[in-house]
Amino acid sequence: MREVSTVSYMSAVDIKARKKALKKIERAFSKLVKDILSGKTPTLVIRKRTLANTVFDAERGLLRIGNATLKRSFLNAGEAKKFMQTVLIASIIHEALKNDEYPTIRDLYYRGKHTIRFRDLATGRVREENTWDEQKESDSVIRDLEVLIDMLREEMLILSKEKGKVVGDMRIKSGDDIIDLSKMGHGAYSIEPTPDFIEFKDVNAEFVLVIEKDAVFQQLHRAGFWKKYKALLITSAGQPDRATRRFVRRLSDELGLPIYILTDADPYGWYIYSVFKVGSITLSYESERLATPSARFLGVSMIDIFGSDKLKKKPYLTEAERKNYIIKATDTDIKRAKELKSYEWFRTKRWLEEINIFLKKKAKLEIEALTSKGLRFLMDTYIPEKIETGDWIA
Amino acid sequence: MASEATAEKFRALTPSEFFYRNRELAGFSNPARALYQAVRELVENALDATDPHGIHPTIKVILQKVSAERDNIFSISVEDNGIGIPSAQVPRAFGQLLYSSKYVLRQTRGMFGLGAKMAVLYGQMTTGRSVEVLTSTITAKNIYYFNIAIDVKTNTPIIHEKGVYRKNNGWHGTVVKLYLEGDWTRSKSKIYEYLKRTAIIAPYAEIVFEDPEGTITYFERSTRKMPPPPREVKPHPKGVDIEMMRMMLKATKTKTLLEFLIKEFQSVGEVTARRLIENAGLLPDMKPHELSTEDVERLVRVIKSDTKIKPPSANHLSYVGEEIIKVGLKAILKPEFVTAVTRKPSVYEGHAFIVEAGLAYGGEIQPEDRPVLYRYANKIPLLYDEGADVARKVVDRIDWSHYGVTFPAPLVILVHICSTKVPYKGVGKESVADVPEVEHEIELAIREVARRLKRYLSKKKREREEAERAVAIAKYIPDVARGLAKIVNNVREEMIEKELLKMLNMKLRSFKINSVSDVVVGIE
């Protein structure tokens, strides 16, 4: 007879995580039920996830959520729906945890979506309303729940698409398996949605290079960059997901490796760097665990493109190359740059210099421009030279 | 004013001859109008025989085509349960114009009882058939039957047939049946409208109507409350013109001018009478019939300009009253909101009058682009010449949005003027003239009911908003209860649901939700 228990196939870390998450959800909502049964208006008190309630902790170099809270009372007509959605998502996540499932945020959206048929008492007409229509509504209450019970969704075993990848001379334990990140062939290890459950076994690297662009990551990987320069190579493939950020943070914290970030030379790239370094505004409550304040912006910088007389630096591009590679900034880019300028963590001398050159030249550049100049140039000149000479923005 | 003037003219022709030639004056201008007018006159006589005497009217109206071949000859039969007519008076009551029990100054529906006799005359003229009357007074031991025609040349009744029957069931009242040329198709809607509006102003009556197509309509009695009966009253001096004064001087039994003024008028005592006589340059002990035309003119002029005479009394006016108007509007129109106001008595040109206004909104009333107006004068519905009526002018002048009404809206306004002398416009007596005092009172009355509507509508709006807010919460109760019961051990969904509903109901002021299932029909 074969045993038909799922538990026996599940990793020990997951089982532990489930218990913890269940307890936290039950504790938060038991209080609500107690209030209801004693005739107290059920009210959820959640810290606000707004720019105004985002605080830059200069000492620790990361964004934190402030103390402003919003009260969501069920007996307030304007707040009742959000209240219901929060309870609904909590009950679905709770059920999934109990049933040993690993839902994605998309799954949660579908599980919670149903139609309420109700009678409009003023007109007597029967109308219909969905618990939610779009996934961004359920995503939003998932974030509320994270703040409410102070737990990341990954800790509640909610999965999301894997986006980040890593290669390098390193061994990790994921689930119950040991994975050698130096034996991934032409592929790479997809950073799992629950990077906290990864165990670092041993590592042979001197620094971490995080690249915004997946294509550039692949080029450097196949050219043997990480072997040659003893690096761990990571890509976030655009805006980094939480798993990639958490993984990078752990590399920095637990292995003490310096983190270098390479993005496009534009406000979008700068913001990707800042999300790795200080955290994001909408998810500021996660920065404590996700941000890597020691991360360094390696490039591509405006000075790399245009040089600087003041800093006595020559540009990496010739006049002719600039002409070919530079892209004209759009109005959105300009607007975004001005916004960044107002953020406290961008108000350093070096960053203001960067942004001001951009605003003056109205020019941006992709990393791919450097591989066009030559993969060898990027791999053997640009990156090592900048690291060696400390030519990065902290 | 028209009635006195025309009454004077009757002296040259016989009244029958006069009306025979000028039948449009009394509303018998064409077959359609004549059919409507005949129904109306007979119904009003029936009402006058009942409600002023404290009898709850029961009126039966039967309109029939006389023969299958002729499409335009009808019989009208109207039966009431009124006081009946003493048998001796029946021939003249139906067969002689200007004979009427109403020839006194009292507010009644019609004046001088001309209408019914015009109907008899018109019927006789168009069909050659005479009127049949069956009547019995309350105390009479018999029921009397008459078949009467009018001799137009001499204005005297011709009795074709008379019958006397022993009464053994206590019945009293009158049945009048006459034959006339008419046009049912073109008068149908007006006749129905007339009966409907009569039922509104007299909800204490029950009215049965059988139309020529055999359709029977029953207007139920919806209240037993009746307006106070009108009382006879002496004229007020300011309300009397030169013609009337001359007639009164001629008819009086008093011996001197002083006595005449004191006894024949209201609001005139000895001091006032002496002042008027002196100011007119006359003598107190002149014999009333000795005054010259110039004397009469001077006296009337002095009276008109005198500022010290007490205003006329309104005690004799029989208004319908707020309660009855509301009952009537509610019973017939089935609105969601109804209100009515009876104004205090007021005076124009020496005539006391009272304005009443009613308002009905919503319910089964069909929305229209402007307020629907129901006009009444001395409880008679006015159906024609609405555009010329002062009440229409007032209603159209009002900015209804100020009262929370945006058109099209289901709004009916009722305006009732009661007076011993309604200031009609023209001889048709279908519209009221723009007399400033009357117009002012109408406006105040309508604005009062409009203000009440506004209060009602804003209360309703508040309640609707509260209901919307309540539903916005209640519809989520099942999902919240189920969700919480799933997360938290040992608590039943029904328990949470019950508590949440209890809390929500505590917040509601205008209504309560009995059960969550009243709001949430299903979850799919």
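## Close-up views of a predicted two-chain model

**View 1. Contact between the two domains of chain A.** In this predicted model, 22 residues of domain 1 of chain A are in contact with 24 residues of domain 2 of chain A. The domain assignment places domain 1 at residues 7–156. Domain 2 covers residues 165–388. The centres of domain 1 of chain A and domain 2 of chain A, taken over C-alpha atoms, lie 33 Å apart. Together, domain 1 of chain A and domain 2 of chain A bury about 2100 Å² between them. Carbon and sulfur atoms carry 63% of that buried area.

View 2. Five salt bridges are counted between domain 1 of chain A and domain 2 of chain A. R242(A) forms a salt bridge with E154(A). The closest N and O atoms of R242(A) and E154(A) are 3.4 Å apart. Eight residue pairs, both residues at pLDDT 80 or more, are in polar contact between domain 1 of chain A and domain 2 of chain A. Which elements of domain 1 give two or more residues to the side that touches domain 2 of chain A? They are α1 (12–37), β2 (54–57), β3 (62–65) and α4 (135–149) of chain A. By class, this side of domain 1 of chain A has 10 nonpolar, three polar and nine charged residues.

**View 3. The fold of chain A.** Chain A holds 15 helices and 17 strands. Its C-alpha trace spans about 75 × 60 × 40 Å along the principal axes. Of the 394 residues of chain A, 54% count as buried. Take the contacts in chain A between residues at least 6 apart in sequence: 70% of them join residues at least 24 apart.

**View 4. The interface of chain A and chain B.** Here 38 residues of chain A are in contact with 33 residues of chain B. Chain A and chain B bury about 3200 Å² between them. Of this area, 73% is on carbon and sulfur atoms.

**View 5. Pairs and elements across the interface of chain A and chain B.** Two salt bridges are counted between chain A and chain B. The side chains of E95(A) and K486(B) meet in a salt bridge, at 3.9 Å from N to O. Eight residue pairs, both residues at pLDDT 80 or more, are in polar contact across the interface of chain A and chain B. On the side of chain A that touches chain B, the elements giving two or more residues are α1, α2 (80–98), β5 (115–119) and β6 (126–130) of chain A. The largest share of this side, 11 residues, comes from α2(A). The side of chain A that touches chain B divides into 21 nonpolar, nine polar and eight charged residues.

View 6. A391(B) is found in helix α12 of chain B, residues 390–397. Is A391(B) buried or exposed? A391(B) counts as buried because its relative accessibility is 1%, and buried means under 20%. Leaving out residues up to four places away in sequence, A391(B) touches L373(B), R375(B), V415(B) and I442(B). R221(B) lies elsewhere in the sequence: A391(B) and R221(B) are 170 residues apart. In space, A391(B) and R221(B) are 28 Å apart, C-alpha to C-alpha.

Methods: Residues are numbered from 1 along each chain as its sequence is written. Chains are lettered from A and ligands numbered from 1 in the order in which they are written. Side-chain values use heavy atoms; hydrogens and water are left out. Domain bounds come from an automatic or database domain assignment. Contact means heavy atoms within 4.5 Å. Buried area is the accessible area (1.4 Å probe) that two parts lose on being put together, summed over both. A salt bridge is a side-chain nitrogen of Lys or Arg within 4 Å of a carboxyl oxygen of Asp or Glu. A polar contact is a pair of N or O atoms within 3.5 Å; within protein, one must be able to donate a hydrogen and the other to accept it, and residues adjacent in sequence count only if both atoms are side-chain atoms. Helices (H or I, at least four residues) and strands (E, at least two) are DSSP runs, numbered from the N terminus. Ala, Val, Leu, Ile, Met, Phe, Trp, Tyr, Cys and Pro count as nonpolar, Asp, Glu, Lys and Arg as charged, and the others, Gly among them, as polar. Buried means under 20% relative accessible area, exposed over 50%, partly exposed in between (1.4 Å probe, protein chains only).
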